[in-house]
Amino acid sequence: LFAGESTFVKGVVAMSGLPPADRLEVCFAGRSNVGKSSLINALTGTKGLARASNTPGRTQEINFFTQGPERYLVDLPGYGYANAPLDVVAKWQRLLKQYLSGRQNLRRAFVLVDSRHGVKPVDEEIMALLDSAAVTFQCVLTKADKVKAKDREHVLEQVRTALSRHPAAYPELVLTSSEKGDGISTLRSIVANLT
Ligand code: GDP
C-alpha cells in the first residue's frame, strides 16, 4: 500500500448502494471524535480523504475508499453522539447490522478506541454486533501520543480484558498516533497482508 493510491468511491446510505464486492475490504468503526478520519488519512497518506462528521443529525453514510486496486477501506459512521436523534441511531444500527452480516468480502473490522479512555459501553455494543456477525475485529488504540507511558499499561489491560469477552476479537492490539505516525505502518501492513 502506497501513499497517493486512495480515492473516494462513494457514500452509501442503504444496502442497495454498496459497490460490488469485487475486492477485499476492511472497515473502521469508532466513537465520534476517536480519531477515525485522522487515522484513515494517515493510513492512506491522503490528507482530507476522510472527513470528520461531527454533526449528529447528518446523514449517516458508509464511505468507501480505494486503497490501491485491490482493497476497499470502509469508513463507518461514528457512533456515540451524545445528542443523536433516536431515529438516526436506529437507522444507522439497521444499516450497520445489514452491512456487517451481509458483506462477504469484508475481512476485518478495526474498532478504534481512544488510548485515554479505553473501551466504553458503546464500543462494547459494536463489538457484540461484530461477534454476532462473525466479523473478526481488531482493536486500534488512537491518540497514543496523548497518554503518558506510565498510564499506558493500565489502558491496555482494560482493553485486553474487554476483548477477552468477545469471541470475534483478534487479540493483538495496535497502538497508533496519527499525529506522530506511530503504528501507522504496522496497521498498513496488517491491511495489506489480509487475504
Ligand atoms: P473522528 O471524528 O473519529 O473522525 O475524529 P478526527 O480524526 O476528526 O479527530 C478528532 C480530534 O482528535 C481532532 O481534533 C484531531 O486533530 C484529534 N486527533 C486525531 N488523531 C490524533 C492523534 O493521533 N493525536 C492527537 N494528539 N490528536 C489526534
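User: Let's start with V111. Leaving aside neighbours within four places in sequence, what is V111 in contact with?
Analyst: This is a predicted model, to be clear. In it, V111 is in contact with A29, G30, D123, I126, M127, F137 and C139.

User: And which residues have the most contacts inside the largest nonpolar core?
Analyst: V111 is one of them, along with F28, V74 and L112. That core has 44 residues.

User: Which strand gives the most to this core?
Analyst: Strand β5, residues 106–114, which puts in six residues.

User: OK, on to α3. Which of its residues are buried?
Analyst: D123, I126, M127 and L130. Looking down the axis of α3, those buried residues fall within an arc of 100 degrees, so they line one face of the helix. In general, an α-helix has 3.6 residues a turn, so residues three or four places apart point the same way.

User: What covers them?
Analyst: The cover includes β2 (24–30), α2 (86–102), β5, β6 (137–142) and β7 (169–175).

User: How far apart are the end C-alpha atoms of α3?
Analyst: They're 19 Å apart. The helix has 13 residues (121–133), and at 1.5 Å a residue it should span 18 Å, so the two agree.

User: What follows α3?
Analyst: A134, and its phi is positive, near 55 degrees.

User: Switching to K120: where is it?
Analyst: K120 sits in the loop between β5 and α3.

User: How many other C-beta atoms are within 10 Å of K120?
Analyst: There are 14, so K120 counts as partly exposed. K120 is also 9.5 Å from V159, C-alpha to C-alpha, though they're 39 residues apart in sequence.

Technical notes:
Residues are numbered from 1 along each chain as its sequence is written. This is a predicted model: local features need pLDDT of at least 70, side-chain atom pairs count only at pLDDT 80 or more; totals for chains, interfaces and linings use all residues. A nonpolar core is a set of buried Ala, Val, Leu, Ile, Met, Phe, Trp, Tyr and Cys residues joined through C-beta atoms within 7 Å. A residue is buried if 20 or more other C-beta atoms lie within 10 Å of its own, exposed if 12 or fewer, and partly exposed in between; C-beta atoms are placed from the backbone. Helices (H or I, at least four residues) and strands (E, at least two) are DSSP runs, numbered from the N terminus. Two residues are in contact if their C-beta atoms, placed from the backbone, lie within 7 Å. The expected span of a helix is 1.5 Å times one less than its number of residues. The arc is that of the directions from the helix axis to the C-beta atoms.
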